[in-house]
Amino acid sequence: MVLDHKEKANALLKADADKILKLIKVQMDNLTMPQCPLYEEVLDTQMFGLSREIDFAVRLGLIEEKEGKAILGELERELSALHEASQRK
């Protein structure tokens with residue numbers, strides 16, 4: 001039962017991370033208005049929400065802290081790539 005909850009928590013967190021990744025990919029593909037305040041606000045809000053979800057899951061013991069950091073780290077690398085691409089354009 002506990003393993004099932006851990007697997008489900010991990011899957012849900014990765015699904016939420018994938019949604020954010022899709023937002024980043026759309027922006028990278030279009031590179032239109034990369035500094036759009038509304039877009040940045042949405043992305044920041046989504047990232048903050050995911051970090052809180054991960055923190056909650058870690059505190060419950062549903063995922064390891066290193067797993068949570070890995071999920072956020074991947075998204076942060078993508079965000080960094082987006083910012084670099086927008087600066088080159």
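1. A salt bridge is taken here as a side-chain nitrogen of Lys or Arg within 4 Å of a carboxyl oxygen of Asp or Glu, and a search of the whole structure finds five of them. The model is predicted, so local features need pLDDT of at least 70 and side-chain atom pairs count only at pLDDT 80 or more, while totals for chains, interfaces and linings use all residues. Residues are numbered from 1 along each chain as its sequence is written, and side-chain values use heavy atoms, with hydrogens and water left out.

2. Aspartate 16 is partly exposed at 23% relative accessible area, whereas lysine 19 is exposed at 54% (buried is under 20%, exposed over 50%, partly exposed in between, with a 1.4 Å probe and protein chains only).

3. Glutamate 78 forms a salt bridge with lysine 25, the closest N and O atoms being 3.4 Å apart. Because glutamate 78 lies in helix 3 (residues 65–88) and lysine 25 in helix 1, this pair ties together parts that are 53 residues apart in sequence.

4. In helix 2 (residues 37–60), aspartate 55 and arginine 52 are three residues apart, and their side chains meet in a salt bridge of 3.0 Å, N to O. A network of salt bridges links Arg52, Asp55 and Arg59.

5. Asparagine 10, in helix 1 (residues 2–30), is buried at 16% relative accessible area. Leaving aside neighbours within four places in sequence, asparagine 10 is in contact (heavy atoms within 4.5 Å) with Ile63, Glu67 and Ile71.

Key. Helices (H or I, at least four residues) and strands (E, at least two) are DSSP runs, numbered from the N terminus.
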